[in-house]
Amino acid sequence: MRRLVAETTLTPADLIAPLFVREGIDAPVPITSLPGVAQLDLASLDAEVDELVALGVPALILFGIPEHKDAVGSGASDPDGIVQLAIRRVRDRVGDAIVVMADLCLDEYTDHGHCGLVRPDGTVDNDSTLERYAAAAIAQAEAGVDVVAPSGMMDGQVAAIRDALDGGGASEVAILAYAAKYASALYGPFREAVDVAIADGGDRRAYQQDPHNARESMVEILADVAEGADMVMVKPAVTYLDIIRQARELVDIPLTAYHVSGEYAMIRAAAANGWIDGDAVALEQLVAIRRAGADAILTYFAKEAAGWLS
Ligand code: PBG
């Protein structure tokens, strides 16, 4: 009866699995603050992808950790950069069996850890960063990506990427815009996962959003849609269910939410202490994100949850 009258569903088809691929390793490296998640080498990526396909998870999103970082984040647009290699590898292995998304940003590739190019005074230069994003989009498209996901929160990034893709013969590549992305303290474990420390104790409040603001997110989302976003994202998820709901009412394109590293880590840590039933809390949170209005959820629980749900 409960199944019959359920207003909200949660199935493996609602999940997007974030995966970390690291250059220069030949075995998975566990991420301490994300128990159960590891940085993968290309060979272990194969096995992970096979499992996701078998479980019916429809999409994955790749994050790269390069061996060398520099001021302009060269690895983000290098045709042989780690994410480009990973995209090709997944595509060659499983074809269209899973949607291949790639995070499009510079922070994993820059030595200063910012999502954009930095001026001598330490501030991030929005407009010159857009050229780097355009180059990264082309590199990912040439590797065979289905969806690029710009996460840097630079103004005009979706338009710049759309122009580059269309001009580069990749008009079929879609854009999932990290549209409403807050300057959150919940990204801590992710920064361990991608070896990012922001220079001089800096933060991202100059380009990510202030948690005090909700209407601002609607402005950001509408701007991204106008610039050509095919899907939009709210991030983080559980602390921002009100934003997900408002976004759902605002736009009719697919809406995703990112259940971020800190949200995952908190559940794992409390469960490891025996204080909560971690699997039950994870499912409750994923259902809540769907109930708030998200079509799909990026979550480090994707593989496990798909197993529980199938
Ligand atoms: C930026 C990016 C971040 C996350 C995804 N893309 C970190 C940040 O903005 O500082 C965080 C994801 C998570 O915490 O799970 N490339």
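1. In which loop is Met 153 found? Look between β8 (147-150) and α5 (157-167), and you'll see Met 153 in the loop there. Its backbone is worth a glance too: phi of Met 153 is near 60 degrees, which is a positive value in a residue other than glycine. Keep in mind as you read on that this is a predicted model.

2. Now for another backbone detail. The peptide bond that runs from Lys 235 to Pro 236 is cis, and its omega is near -10 degrees. To find the spot, go to the loop between β10 (231-235) and α8 (241-250), where Pro 236 lies. Remember Lys 235, as the name comes back below: Lys 235 is among the residues closest to the ligand.

3. On to the empty space. A probe the size of a water molecule, rolled over the atoms, shows where empty space is left. For the whole structure, the search finds one cavity of 30 Å³ or more. About 130 Å³ of space lies in the largest cavity, and this is where the ligand sits.

4. Who lines the largest cavity? There are 19 lining residues, and those nearest its centre are Asp 107, Lys 181, Tyr 187, Phe 190 and Lys 235. Two elements to pick out on screen are β9 (174-181) and α6 (188-193), as each gives at least two residues to this lining. Sorted by class, the lining of the largest cavity has nine nonpolar, three polar and seven charged residues.

5. Let's turn to the ligand itself. It is surrounded by 18 residues, the closest being Lys 181, Arg 191, Lys 235, Ser 261 and Tyr 300. This shell divides into eight nonpolar, three polar and seven charged residues.

6. Which residues bring a polar side-chain atom up to the ligand? Take Ser 261 to begin with: an N or O atom in its side chain is 2.7 Å from an oxygen atom of the ligand. Gln 208 has a polar side-chain atom 2.8 Å from a ligand oxygen. As for cover, the ligand on its own has 400 Å² of accessible area, and the protein covers 100% of that.

7. The largest pocket holds about 270 Å³ of space. Its lining has 18 residues, with Gly 36, Val 37, Glu 48, Tyr 300 and Lys 303 closest to the centre.

8. Which elements build the lining of the largest pocket? At least two residues each come from β1 (15-22), β3 (38-40), α2 (42-55), α9 (261-272) and α11 (302-309). The largest share, four residues, is from β1. By class, this lining divides into twelve nonpolar, two polar and four charged residues.

9. Last stop: the second largest pocket, with a volume of about 240 Å³. It has 16 lining residues, and nearest its centre lie Met 153, Arg 205, Ala 206, Tyr 207 and Gln 208. That takes us back to Met 153, with its positive phi, and to Gln 208, with its polar side-chain atom 2.8 Å from an oxygen atom of the ligand. The lining of the second largest pocket has five nonpolar, six polar and five charged residues.

How values were computed: Residues are numbered from 1 along each chain as its sequence is written. This is a predicted model: local features need pLDDT of at least 70, side-chain atom pairs count only at pLDDT 80 or more; totals for chains, interfaces and linings use all residues. Side-chain values use heavy atoms; hydrogens and water are left out. A residue is near a molecule or strand if one of its heavy atoms lies within 4 Å of it. A polar contact is a pair of N or O atoms within 3.5 Å; within protein, one must be able to donate a hydrogen and the other to accept it, and residues adjacent in sequence count only if both atoms are side-chain atoms. Accessible areas come from the Shrake-Rupley method with a 1.4 Å probe; for residues, only the protein chains shown count as cover. On a 1 Å grid over the protein atoms alone, a cavity is a set of points where a 1.4 Å probe fits but cannot get out, and a pocket is an open set with protein on both sides within 12 Å along at least five of seven lines; lining residues have an atom within 4 Å of a point. A molecule sits in a cavity or pocket if more than half of its atoms lie within 2 Å of its grid points. Ala, Val, Leu, Ile, Met, Phe, Trp, Tyr, Cys and Pro count as nonpolar, Asp, Glu, Lys and Arg as charged, and the others, Gly among them, as polar. Grid points are joined across faces, edges and corners, and a volume is the space filled by probe spheres set on the points.
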